[in-house]
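Subject: Structure handover

Hello,

Here is the structure I promised to pass on. Please open it alongside this message, and read the notes below as you go.

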Amino acid sequence: MEKTAMAAAVWMVPLLLVFAQFSEANGEGFDVRQHLSTVSRYGAVKDIVVNSTFVPSNAVDGCTPIHLNLVARHGTRSPTKKRMRELDRLASHLKELISHAEQKKLSLDKLPAWVRSWESPWKGKLKGGELISPGEQELYDLGMRTRERFPQLFEEPYYPDVYVIKATQIPRASASAVAFGMGLLTGKGKLGPAEHKAFAVTSESRASDLMLRFFESCQSYKVYRQNKEPSVAELKEPVLDKITAALVSRYGLDFTRQDTASLWFLCKQEASLLDVTNQACDLFKPSEVELLEWTDDLEVFLLKGYGNSINYKMGVPLLEDIVQSMEQAIKSHEEKQPPGSYEKARLRFAHAETVVPFSCLLGLFLEGSEFKKIQKEQPLDLPPTPPMKSHTRGSAVAPFAGNNMLVLHSCPASSSSSKYYIQVLHNERPIPMPGCGGSDVCPFEEFKEKIVNPHLKHDYTALCAVKPEPLNEKPVNSKLSLAFRWIFGWGRDADADEL
């Protein structure tokens, strides 16, 4: 096997990048802001159609929405303190590289002028990771659009137990909840010219928040992630090395692999947070951007998504909470309880580590055969390398302010075979559920039977308990063999910074 992996190394990296020779001519109209994985701004990607052949169902036409569940990621945020220090180190190293090249009298004619004097825009900042103004706007606008889309749900006066708003204790999540609530309730109160309404946002402690921060308390997931992160880094290395060599040849500086990774991070921050696309992002060709995006999507897939069942099984408490809220809404509707006496919306604000697993529990972005695999807790194939298209791109699954809405509808008995239906919206667009025949709409009981119940066999406490290590472990494969076993699918097991 080791010899096979070594032989594969000779041709695999060129295979990953061979399409670059043919795709650069198609760079016109390429918008890097749509290729930033989970660092993508919501407005840049929310209208991108993932499945162009999908036609939304009309099964809920004539029905009335009676309850809404929302699971949303926080809006666009600043880099964390750790990543800001990385950019400071990049600035220092760029100066060293330029000084070294000048001492050797190397030509730097092709080096963009901005590189010579670049300093991190976040230099000297003492805090990081906070929601920034564009992120506030993303959630404020989402709140306004939600009310406009479902006027029947939000026509009543605000009460905290009718419109429940929850967030994690992380400030960017709670600030996102506030921004959303301001948009949702604009004109509903008497505060200021915009007639804002004061509202409540509740949070559980970080240590016990099993609904929105289940990843924080799940020890078996932490062990899995810690063990998997080195192999994920190794999978990225062939792409980073090839692009590093291209940058060295293109600009005349002796860039390292770490420089390339940091420049890609800078590109994402500049494009998403500052709307600057003609500096760090311009260092890369479109085909290189797509490959770097793929490395980020690969990490999301393996450490948060369909790459391992523990990633999403630990989100079962959230799924249970959502189903219970809908069952209670049906009970209240059946009993004809008076308006204002029962919950009509449960609105949650958290992180990519919440939104991605929850999307997986619903089976979103999968084909029917893939959905059957996750029901059996079997691993899926890795995302295809460019130019092949992936349905699980991070920019589509969990951009900043990315969200899933589950809308419970009450339908007239004469118009359908079921009285209650669930419609699923991802980033405000109907999305097919393979567990419900590829429709975005599903009878509530069928939704529970085919999508929810197979996951409910898992108990969070038992799932997240760390299992004792076996006494006789297999020898660890070499770095190269491990990386290429993942890429070619040999021997896949079933088994950063917070986003």
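How many disulfides does the count come to? The count comes to 4 disulfides, a disulfide being a pair of cysteine sulfur atoms within 2.5 Å. More on those below.

Some ground rules come before the details. This is a predicted model, where local features need pLDDT of at least 70 and side-chain atom pairs count only at pLDDT 80 or more, while totals for chains, interfaces and linings use all residues. Residues are numbered from 1 along each chain as its sequence is written, and side-chain values use heavy atoms, with hydrogens and water left out.

Overall picture

The protein has 19 helices and 7 strands. Helices (H or I, at least four residues) and strands (E, at least two) are DSSP runs, numbered from the N terminus. There are 499 residues, and 53% of them count as buried. Buried means under 20% relative accessible area, exposed over 50%, and partly exposed in between (1.4 Å probe, protein chains only). The accessible surface is about 22,400 Å², and carbon and sulfur atoms hold 53% of that surface. Areas come from the Shrake-Rupley method with a 1.4 Å probe; for residues, only the protein chains shown count as cover.

Disulfides

Start with Cys-63 and Cys-411. Their sulfur atoms are 2.1 Å apart. The S-S torsion is about 110 degrees, so this disulfide is right-handed. Cys-63 sits in the loop between α3 and β1, and Cys-411 in the loop between β4 and β5, so the pair ties together parts 348 residues apart in sequence. Both Cys-63 and Cys-411 are buried.

Next, Cys-218 is joined to Cys-464, S to S 2.1 Å. Here the torsion is about -95 degrees, so the disulfide is left-handed. The pair links distant parts of the chain: Cys-218 lies in the loop between α8 and α9, and Cys-464 in helix α18, 246 residues apart. Cys-218 is buried at 0% relative accessibility, and Cys-464 is buried at 5%.

Cys-436 and Cys-442 form another disulfide, S to S 2.1 Å. With -75 degrees about the S-S bond, this link is left-handed. Cys-436 and Cys-442 are both buried. With the bonded cysteines numbered in sequence order, the pairing reads 1-5, 2-8, 3-4, 6-7.

Rings

The structure holds 5 aromatic pairs. Rings of Phe, Tyr and Trp (its six-membered ring) pair if their centres lie within 6.5 Å; planes under 30 degrees apart count as stacked, over 60 as edge-to-face and the rest as tilted. One of the pairs is Phe-180 with Phe-349, tilted, at 5.1 Å centre to centre and 50 degrees between the planes. Phe-180 is in helix α7 and Phe-349 in strand β3, so the pair ties together parts 169 residues apart in sequence. Phe-180 and Phe-349 are both buried.

Strands β2 and β3

In strand β2 (residues 163-167), 4 of the 5 residues are buried, so β2 is largely enclosed by the rest of the structure. β2 and β3 run parallel and are joined by 5 bridges. Two strands pair if DSSP finds at least two bridges between them. Ile-165 has Leu-347 in β3 as its bridge partner.

One more residue

Ser-332 lies in helix α13 (residues 316-334). Ser-332 counts as buried, at 2% relative accessibility.

Best wishes
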